[in-house]
Amino acid sequence: MENTKKIYIGDRQVGPGEPTFIIAEIANNHNGSVERAKELVDVAVEAGADVVKFQKRTMEELYTPDFLHNPNKGEHELHYMVPVLKEFELSMEEMRELRRYCGDKNIMFMVTPWDIPSADFVESLNVEVYKAGSPDMTNMPLIEYMVGKGKPLIISTGMSTEEEVKITLARLDELGAEYGVLHCNSTYPAPVDQLN
């Protein structure tokens, strides 16, 4: 299951023997504020990160209308997240503004799309790389769609079994995809006894 290939992300070679590729995870930590997002970009630049990463969702693609209007009707663990995700979601124009800002700051811009319409929007931002989040390690339609864009893919494994990881990586190899794999824990902060 060891992937020792090097890939190019933009003009940066990533892989064994190369300097660590540092991703500054901004996600939704901007709390829906473009100004706060820019401040986080500035901190990432100052820290020497290679790339900043945001997230993009099309809520109507991910959740039923009934659940979006009343999250208490869904899974217990999700009911508190949906209002926060709705509140913190940046508009397409705000994401475009952040893309331009990252270009001005000379730091790579990356987005995790959570659905196919979001992947299409991310493509319109002229990104150098795609990122698949841990919940989508087994979401083959989305993964194959992103790979079809002809750019490298970084994929997280934090919510998958070893067998699921093997199946997805085998499919990526069949597709001839350029990809990197992250060992991630999907609990933040991660308890020490759950790091592996």
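A residue is called buried when its relative accessible area is under 20%, exposed when it is over 50%, and partly exposed in between (1.4 Å probe, protein chains only). Helices (H or I, at least four residues) and strands (E, at least two) are DSSP runs, numbered from the N terminus.

The structure is a predicted model: local features need pLDDT of at least 70, side-chain atom pairs count only at pLDDT 80 or more, and totals for chains, interfaces and linings use all residues. Residues are numbered from 1 along each chain as its sequence is written, and side-chain values use heavy atoms, with hydrogens and water left out.

In strand β5 (residues 108-113), six of the six residues are buried, so the strand is largely enclosed by the rest of the structure. Met108, Met110 and Thr112 point one way from β5, while Phe109, Val111 and Pro113 point the other way. Strand β4 (residues 51-56) runs parallel to β5 and is joined to it by six bridges; two strands pair if DSSP finds at least two bridges between them. Threonine 112 of β5 is the bridge partner of glutamine 55.

The whole structure holds 14 salt bridges, each a side-chain nitrogen of Lys or Arg within 4 Å of a carboxyl oxygen of Asp or Glu. The table gives some of them.

| Salt bridge | N to O distance |
|---|---|
| Aspartate 50 and arginine 12 | 3.4 Å |
| Glutamate 93 and arginine 100 | 3.1 Å |
| Glutamate 162 and lysine 166 | 3.7 Å |

Arginine 12 is buried, with a relative accessible area of 18%, whereas aspartate 50 is partly exposed at 21%. Glutamate 162 and lysine 166 both lie in helix α8 (residues 162-174), four residues apart, about one turn of the helix.
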